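Student: I have a chain open in the viewer. Can you show me how to read its features?

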Amino acid sequence: MNNQNIFDNEIFFNGYKTLREGDANYNDLLEQPAMAKLLPDLTDKSVLDLGCGYGHNCIQFVHKGARKVTGIDISVKMLEVAKNESASGKIEYINMSMTDIDALSETFDLIYSSLAFHYVEDFEAFTKSMFNRLNSGGTLLFSQEHPIITATIDGNGHFNKDEDGNKISYTFSNYNEPGIRKTHWYVDGVIKYHRTFGGIITALSKAGFIIEEVIEPLPEKWATEKLPAIVKEYIKPCFLIVKARKQ
């Protein structure tokens with residue numbers, strides 16, 4: 001499985017940190033509000049956060065009543081921030097790849113991940129690992145880049161505009177060609193993996209998950225007021241969110 005650690009690249013880390021510190025980013029305006037609505041009751045529950053980054057969600061899970069939270073991230077730099085800014089006696093941060101969770105001995109009531117699964121190469125094997133780490137009746141809740149975004153091999157998916165400069169459609173290609181994508185995001189050579197919507201859902205189903213909700217989030221009114229350009233989500237979605245359950 002892929003163990004890419006782009007987040008410890010100094011240029012990438014600083015660029016990403018600046019993005020997340022801004023108050024008009026897509027995570028805070030679109031993805032995170034949608035994820036929050038799908039969270040189960042966390043009272044006295046155990047949580048595994050895959051690709052926990054700065055630990056912001058980990059500390060929120062504690063505030064929502066979680067008994068124990070384990071945050072996993074491959075980035076040493078990310079976890080240094082997490083341990084400084086999002087520390088709690090109920091949180092354990094572990095430096096490891098999320099694809100290595102079979103090495104954990106514990107099982108959890110919730111497995112959560114925000115915008116990390118498009119970095120996983122072997123998603124079918126990964127879904128089986130997550131299923132094994134969940135307690136019976138446990139929940140898997142994750143977001144990832146939408147397959148429309150990851151599809152185009154050369155990374156040049158683009159909006160089309162009318163004569164007045166308004167975005168009216170989106171062009172992408174290579175949708176039914178799953179596999180590796182190398183993109184530029186702050187630095188060259190960032191590796192992501194494209195899989196179709198059908199491939200994602202089928203892998204989860206074959207692993208034993210029951211799909212409860214699939215969301216392609218749209219911005220709420222307050223978000224469009226803060227960032228008017230986000231209305232282009234009505235043309236094509238940036239994110240895919242899936243909530244599933246272990247029977």
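Tutor: We will go from the whole chain to single residues.

Student: What should I know before I start?

Tutor: This is a predicted model, where local features need pLDDT of at least 70, side-chain atom pairs count only at pLDDT 80 or more, and totals for chains, interfaces and linings use all residues. Residues are numbered from 1 along each chain as its sequence is written, and side-chain values use heavy atoms, with hydrogens and water left out.

Student: How many helices and strands does the chain have?

Tutor: Start with the rule. Helices (H or I, at least four residues) and strands (E, at least two) are DSSP runs, numbered from the N terminus. Here the chain has eight helices and eleven strands.

Student: What share of the chain is buried?

Tutor: Buried means under 20% relative accessible area, exposed means over 50%, and partly exposed lies in between (1.4 Å probe, protein chains only). Of the 247 residues, 49% are buried.

Student: And what share of the contacts joins residues 24 or more positions apart?

Tutor: A contact means heavy atoms within 4.5 Å. Take the contacts with a separation of 6 or more: 69% of them join residues 24 or more positions apart.

Student: At what angle do H5 and H7 pack?

Tutor: Axes are lines fitted to C-alpha atoms, for helices over the stretch in contact, and angles run from 0 to 180 degrees between N-to-C directions. Helix H5 (residues 123-133) and helix H7 (residues 197-207) pack at about 40 degrees, with axes 9 Å apart. Angles under 35 degrees count as roughly parallel, over 145 as roughly antiparallel, 65 to 115 as roughly perpendicular, and the rest as oblique. H5 and H7 are therefore oblique to each other.

Student: Is the crossing of H5 and H7 left-handed or right-handed?

Tutor: Look at the near helix. If it is turned anticlockwise from the far one by less than a right angle, the crossing is left-handed; if clockwise, right-handed. The H5 and H7 crossing is right-handed.

Student: Which residues meet there, in H5 and H7?

Tutor: H5 brings Phe123, Glu124, Thr127, Lys128 and Phe131, and H7 brings Ile200, Ala203, Leu204 and Ala207. The residues of this contact divide into six nonpolar, one polar and two charged. In this scheme Ala, Val, Leu, Ile, Met, Phe, Trp, Tyr, Cys and Pro are nonpolar, Asp, Glu, Lys and Arg are charged, and the others, Gly among them, are polar.

Student: Now a single residue. Is Phe142 buried or exposed?

Tutor: Phe142 lies in strand S5 (residues 134-145). Phe142 is buried, with a relative accessible area of 0%. Leave out residues up to four places away in sequence, and Phe142 touches Met35, Ser113, Phe117, Phe123, Ile200, Leu204, Leu240, Ile241 and Val242. Take Phe117: it is 25 residues from Phe142 in sequence, and 7.9 Å away in space, C-alpha to C-alpha.

Student: Where is Gly137, and what does Gly137 touch?

Tutor: Gly137 is also in strand S5. Gly137 is partly exposed, at 46% relative accessible area. Beyond residues up to four places away, Gly137 touches Arg245, Lys246 and Gln247.

Student: Which residues of helix H3 are buried?

Tutor: In H3 (residues 56-63), the buried residues are Asn57, Cys58, Ile59, Phe61 and Val62. They pack against helix H2 (26-38) and strands S1 (46-50), S2 (68-73), S3 (91-95) and S4 (108-114). Just after H3, Gly65 takes a positive phi of about 105 degrees.

Student: Where do residues other than glycine take a positive phi?

Tutor: Asp44 has a phi near 60 degrees, in the loop between H2 and S1. Leu115 has a phi near 55 degrees, in the loop between S4 and H5. Leu115 is buried, at 16% relative accessible area.
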